[in-house]
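I opened this entry to look up contacts and cores. My notes follow the display.

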Amino acid sequence: MKSSQELKLKGIPISPGILIAPVKVIRKEKVKIKEKILRSDTEIEAEINKFLNGIEELKRILLDLRRETQEQNLKVLLDVQIAILSDQDMQRDVITHIRNKRRNVESAIFYVLNSKKEALSKQESSYFAERARELERLAWDLISVINKSYTIADYNFDGIIVVESLSIEEALRIIKSSVKGVITEKGGRTEHSAIILRNFKIPAVFGIERITRLVDDNDIVILDGGKGVVIVNPMESTLQRYHLIKEGYERYESELVSEKELPAITTDGKEIGLFANIDVPEEVDELLKTGKYGIGLFRTEMIFREYAENEEAQYKIYLEIAKKIYPNSVTIRAFDIGGDKLYSDYQEENPFLGLRGIRVLLDEPAIFEKQIRAVIRANELSNIRFMLPMVATVEEVVEAKKLFIQAKKMLEKEYQKVNQPRFGVMIEIPSAVLLLEHIADIVDFVSIGTNDLTQYTLAVDRKNQRVSKIFDHLNPAVLKLIKMTTDVCREKNILVASCGEITSDPYGVVALVGLGVDELSCPPSRIPEVKSLIRRINLQEAENIASEVIKFSSSREVKSAIKNYIKKIMPELLEFYD
Amino acid sequence: MKEVKLQIKNKLGIHARPAMLFAQTANQFECDVYVTKDDFEVNGKSVLGLMMLVAPQGSEITIRCEGPDEEEAIKALSKIVEEGFGEE
């Protein structure tokens, strides 16, 4: 029930920015289907016409969206939906239902598509469960197009969209509309819709329970995307306070933009390589609007879903990105599947300790080889690096490197000249740190993935709310492992990068710079801020702090020492982020 | 009538994209196209129908074409399946 009291709700910070704006609630699932019995043949023909017009209209909408979409995966997704709408059997079934059962078009569509959906849901595979959900969404979209209640108009709302959950398609519509912000009930930071919003700088908070029922259309709501806070029914005093915070934030943002062309260099002259993490190829263009940056982590799991077995398609995608990013480099991470990104339906009791990352790739050499070949072939401009996820042992690296070199030799026979990409590994398992002196001899670089490194060091699953409090990448144990890594890399003279969430945490940035990491890779939207911070860090001071904090006993102490330093060099940073 | 028995080769089986590819090709021909797996028969010109087959890697399907251009149709459709729906 709606209350008129001010309510401060905490969700997941998805995309920073402060909004004080009216909301529009989209209740997709709430469209009620009323079954109507048709009395006359004229009525029947009218319903059939509505159906055929609705199909054409929705196809047109999807085609428009497809035209505006750059990303290949999303195009395929839309193609499938268009093909389903064009399916003659489906159309005939719906028309027959209208005609023979004398039912209205909405209930006929619901009947036909729902029966297909249920057949799919019965399958054991999660893949078909996903398809079933998509089919259901398509049915609802079609019904709402026919009812003239299709939500495309809603996305032209000049305010905040409140919705139960956000799909990739909806996120794509939103970034092309006048919508200013998004609040959802479900979803997390790594969802594709979240990543799209973040990269297109649409402030957003996800995971506010029951929010679609707590607000009504045109209510004024405060959204603080940096802190993950939503305030419903704000009091006058709260509104005033947030207007000031908003102004301060905007001033701060414009200061960041003014440093756009400047290098990420410490006050005493060390340049830190600043790179972006990219999940879907579509983000690349947006990144280049932020500035001329390379890619420090190109995740290929989305590509795996569609093109695992298609070397040619992968080659084209990698090549296009490498060309766009040139002269900067692109680090392509091999398919990191398994664990929370489980693809097969085999249930492991302990997936994070199971078949994932490099283990899957060595288990499925045919798939791995196709990716290796595509990556090597795409390295036409010699700006590609290739890295292995989840390395635990030296043998894994040796075996993967062997496949890599074999593929290169084969390609030399087929294409005469190929450029061997730089070859590296992710450091995200403590054993890889402890064995790094051996690994370092066969790789060109390493990249510390702090999310998994923290998870495996502290033995804590951060998605498990009962223990997620223990998860902290600033724990001295984690920092010590990072220090060991940079020490070995320095000695062996190889490049050391970092690409976990720690790189968008100001505290983490100070620690990493001080610990001797050469390159940081963070989400594109965080680059301006991280750069600004680096430009205020004195390397000598950061090194002193780093050597101090790794001796501490808790992350609380680490945080407070670094906080004092940030207060000194960039106090405004602490105002807008937790 | 032309009939051929084939094995699904690509890793993900007949998921949405292969279903679309198959139906699009089938629709270019005049003849009727049926696909059968484990006694379950669907219209080979229907994307939704093909998705309902749930044919994973290694499963066997039968393609049956009936009509004036059945010869060409069965050739084209077998090729798509043989090539793992372009996923190899």
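I am working with a predicted model: local features need pLDDT of at least 70, side-chain atom pairs count only at pLDDT 80 or more, and totals for chains, interfaces and linings use all residues. Residues are numbered from 1 along each chain as its sequence is written, while chains are lettered from A and ligands numbered from 1 in the order in which they are written.

**Interface.** I looked up where the chains meet. 21 residues of chain B are in contact with 19 residues of chain A (C-beta atoms, placed from the backbone, within 7 Å). On the chain B side, α1 (16–26) and α2 (47–53) each supply at least two residues (helices are DSSP runs of H or I, at least four residues, numbered from the N terminus).

**Cores.** I then checked the largest nonpolar core, which has 93 residues. A nonpolar core is a set of buried Ala, Val, Leu, Ile, Met, Phe, Trp, Tyr and Cys residues joined through C-beta atoms within 7 Å; buried means 20 or more other C-beta atoms within 10 Å of a residue's own. Helix α20 (residues 506–515) of chain A gives the most to this core, seven residues. Domain 3 (277–424) and domain 4 (428–578) of chain A both contribute, so the core lies between them (domain bounds come from an automatic or database assignment). Apart from it I found another core of 57 residues, including Val80(A) and Ile8(B).

**Ala400(A).** I placed Ala400(A) in helix α15 (residues 394–415) of chain A. Ala400(A) is buried, with 24 other C-beta atoms within 10 Å. Leaving out residues up to four places away in sequence, Ala400(A) touches Ile358(A), Leu362(A) and Leu388(A).

Key. Two residues are in contact if their C-beta atoms, placed from the backbone, lie within 7 Å. A residue is buried if 20 or more other C-beta atoms lie within 10 Å of its own, exposed if 12 or fewer, and partly exposed in between; C-beta atoms are placed from the backbone.
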